[in-house]
Amino acid sequence: EQLLPTDRNQKGECYSIRSVYFDTYGDECFYGNAEGVDRRSKYRIRIYDNSDRKIHFEIKQKQNGYIRKESFKLQREECEKLLEGKSFDVTVQNDSVRNRVMLQQQLKMLRPVMIVDYERSAYICSIGNVRITFDRNIAASTSVMDFFEKKIPMIPVLQPHVHLLEVKYDEVLPDYIAQALNLGNLQQISFSKYYLGRQVVD
């Protein structure tokens, strides 16, 4: 019997996630992660199961150990322009997230640098707003213009058969979940797919 239900967006055992990460001319995102800067941001475009039906530009901000995500939707045509290194044409009224990205493009030459691709199995629990994910086959590529292609030459980020477990919850992690995961024998670490991917492909 399954301990937790799967994420409602997951149709089978897993789903695929592909992101293209952006960085500034001076690689502030990369070096901010390497140096452990407390307040840092990541910029990425994300799709699921190699489909262009849902394309989101996301800003992931980390500060004082807390993570905040903001996003807005993209059309494929607009996404392809960004992959070519072009900037947003004009500001969009009442869309502060998009406008902040455009400002980074203008001031710091924010541009696409790398693709990260992996498979994810996700499980949820309403108590404590728990979300548990298992990521595997994490791989990276600098072929950003092939973002929508089904097959891209990729370089593995982790050793074979090594998976990434992530446990997120708001306040309380139910005991039965903690016991099932045997968290007492695990070590909490900071893991950045973008940072490790850059180390592999650069």
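Mentor: E84 is partly exposed, with a relative accessibility of 44% (buried means under 20% relative accessible area, exposed over 50%, and partly exposed in between, with a 1.4 Å probe and protein chains only). The model is predicted, so local features need pLDDT of at least 70 and side-chain atom pairs count only at pLDDT 80 or more, while totals for chains, interfaces and linings use all residues. Residues are numbered from 1 along each chain as its sequence is written, and side-chain values use heavy atoms, with hydrogens and water left out.

The side chain of E84 meets that of K86 in a salt bridge, at 3.2 Å from N to O (a side-chain nitrogen of Lys or Arg within 4 Å of a carboxyl oxygen of Asp or Glu). K86 is likewise partly exposed, at 45% relative accessibility. A search of the whole structure finds 17 salt bridges, and several of them deserve attention.

Consider R98 and E78, whose closest N and O atoms are 2.6 Å apart in a salt bridge. R98 belongs to helix α3 (residues 96–108) and E78 to helix α2 (residues 76–83), so this pair ties together parts that are 20 residues apart in sequence. Helices (H or I, at least four residues) and strands (E, at least two) are DSSP runs, numbered from the N terminus. R98 counts as buried, at 11% relative accessibility, whereas E78, at 25%, counts as partly exposed.

Another salt bridge joins R68 to E70, with the closest N and O atoms 3.2 Å apart. E70 is buried, its relative accessible area being 14%. There is also a network of salt bridges, in which D23, D27, R111, R198 and D202 are linked.

From here we may turn to the strands. Strand β4 (residues 66–73) pairs with β3 in the antiparallel sense over eight bridges (two strands pair if DSSP finds at least two bridges between them). Within this pairing, E58 has S71 in β4 as its bridge partner. β3 and β4 form a hairpin with two residues between the strands, and N64 in the turn takes a positive phi of about 55 degrees.

Y48 has S51 in β3 as its bridge partner. The hairpin of β2 and β3 also has two residues between its strands, and D49 there takes a positive phi near 55 degrees.

Strand β3 (residues 51–63) is also the place of R53. R53 is exposed, at 75% relative accessible area. Together with R8, K11, K54 and K73, R53 gathers in a patch of positive charge on the surface. Such patches are made of residues with over 30% relative accessible area and no salt bridge, like charges being joined within 9 Å and nonpolar side chains (Val, Leu, Ile, Met, Phe, Trp, Tyr) within 5 Å. Lys and Arg count as positive and Asp and Glu as negative, while His and the chain ends are not counted; the place of a charge is taken as NZ of Lys, CZ of Arg, CG of Asp or CD of Glu.

A contrasting setting is found in strand β5 (residues 111–125). Of its 15 residues, 11 are buried, so β5 is largely enclosed by the rest of the structure. Strand β1 (residues 15–23) pairs with β5 in the antiparallel sense over nine bridges, and Y15 stands opposite R120 in β5. β5 is also joined by 10 bridges to strand β6 (residues 130–141), the two running antiparallel. Here I124 stands opposite R131 in β6. β5 and β6 form a hairpin with four residues between them, and G128 in the turn has a positive phi of about 80 degrees.

Finally, two loop residues deserve a brief word. V172 lies in the loop between β8 (164–168) and α4 (175–181) and is exposed, at 51% relative accessibility. V172 and N129 are 43 residues apart in sequence, and their C-alpha atoms are 8.5 Å apart in space. Q159 is found in the loop between β7 (155–156) and β8 and counts as exposed, at 61%. Q159 and E28 are 131 residues apart in sequence and 27 Å apart in space, C-alpha to C-alpha.

Conventions
Accessible areas come from the Shrake-Rupley method with a 1.4 Å probe; for residues, only the protein chains shown count as cover.
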